[in-house]
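Please open the model in your viewer and keep the selection panel at hand. The tour below moves from one selection to the next.

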Amino acid sequence: MENKKYADIICTQLQKLTSIASPSGFTSNAANYVKETLTAMGYTPRITRKGNVECAIGGEGNPLVLAAHFDTLGAMVRSIKANGRLKPTTLGGHQWSTADGENCMVFTRSGKMYTGVVLNKEPSAHVADAKVETKEANMEILLDENVSTKEEVENLGIETGDIIAMDPKTTITESGYIKSRFLDDKFSAAILLAIAQWVKDENVALNRKVTLIFTCLEEVGYGGSNVPADTEDMLSVDMGCVGDDLGCTERMVSICAKDSGGPYNYDLITELHDICKKYDIDYAIDVYPHYGSDVETTLRAGYDIRHGLIGPGVYASHNYERSHIDGAMNTFTLLQHFITD
């Protein structure tokens, strides 16, 4: 299987996806991009009322869904302060300690975008008597505009409910390391787009009906609550965890045996394990103590499915994250065999 071509596609798609701001609730631009990309490949995707993108890529019988999400962490304008600074409220499991000092964008309902910076209420070491705790109540958005009152900010068209997105700072090194915000889960969304391209390029005979779903509300807990009614198996392709007491590295595909929602389907996890063993795919099976996925949402919605979770190893989740192209390609190769063997 020719993988160098698809490694390049994954990197290109990741850069394009991370350049599109898409915090939960503000994902239509990302959805349209995914739909247009799949359409250009020759597929007929659709955007659901909820905002997910669904696309059948071929095959018959025993329907399988592969799901990744393109919504990300972010924030929303909670209020405009008297001094012209914005008070934020989080979207998803955002960690403000990782955003202190980061550049950001504010999107208004009229279609304007303003840049700014995220800072705590007293960020200067030469002024503060003590370090201010980086919790939401102490965070502000300073706009890159000459404003110092609430009225001046309102005159820009900014109001409560506007979306705040962090600068992704996507970087791919010559050694193959990939650093960016929102590798969770735009990295895996890029992998699924590469799978779709591979199926089309190579006229691949799939071993079952395969549908790709790109979800838009995973970070707030219900992206996977609607899937095709005939779905029998579903894999969330999301970030694999790298950290203490875990076997996965950034260069592996991670297979999740259990997370905060309980165990994944034992037989399905075993099938994935056996493929990795057969084809010498670098993998680890791990338990994620603080994790939830789209496919668990699908189960809670009442679907009678087998469920699994895989993805490239990602370090520093919900932070400025890091992975490696090898992790993506091990994930890609596992998916290739899973839908063809």
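In which sense, right-handed or left-handed, does α1 pass α7? The model is a predicted one, in which local features need pLDDT of at least 70 and side-chain atom pairs count only at pLDDT 80 or more, while totals for chains, interfaces and linings use all residues. Residues are numbered from 1 along each chain as its sequence is written, and side-chain values use heavy atoms, with hydrogens and water left out.

Select α1 and α7 to begin. The crossing of α1 past α7 is right-handed, a term used when the near helix is turned clockwise from the far one by less than a right angle, anticlockwise being left-handed. Helices here are DSSP runs of H or I with at least four residues, and they are numbered from the N terminus. The two axes come within 10 Å and cross at roughly 115°, where axes are lines fitted to C-alpha atoms over the stretch in contact and angles run from 0 to 180 degrees between N-to-C directions. Now show the side chains: Y6, A7, I10 and C11 in α1 meet I325, A328, M329 and F332 in α7, contact being heavy atoms within 4.5 Å.

Next, keep the aromatic rings in view. Rings of Phe, Tyr and Trp (its six-membered ring) pair if their centres lie within 6.5 Å, and planes under 30 degrees apart count as stacked, over 60 as edge-to-face and the rest as tilted. By this rule there are four aromatic pairs. One of them is the stacked pair of Y6 and F332, at 5.6 Å centre to centre with 20° between the planes. Because Y6 lies in helix α1 (residues 4-18) and F332 in helix α7 (residues 325-338), this pair ties together parts that are 326 residues apart in sequence. Y6, W198 and F332 form one aromatic cluster. Both Y6 and F332 are buried, as is W198, where buried means under 20% relative accessible area with a 1.4 Å probe, protein chains only.

Then turn to two lysines. The charged end of K169 sits over the ring of Y320, 4.7 Å from its centre, and K200 lies over the face of Y43 at 4.4 Å from the ring centre; the rule asks for NZ of Lys or CZ of Arg within 6 Å of the ring centre and within 35 degrees of the ring normal.

Finally, select the cysteines. The count of disulfides, pairs of cysteine sulfur atoms within 2.5 Å, is zero. For C216, the nearest cysteine sulfur, that of C55, is 16 Å away. C216 counts as buried because its relative accessibility is 1%.

How values were computed. Helix = DSSP H or I, 4+ residues; strand = E, 2+ residues; numbered from the N terminus. Buried < 20%, exposed > 50% of the residue type's maximum accessible area, 1.4 Å probe, protein only.
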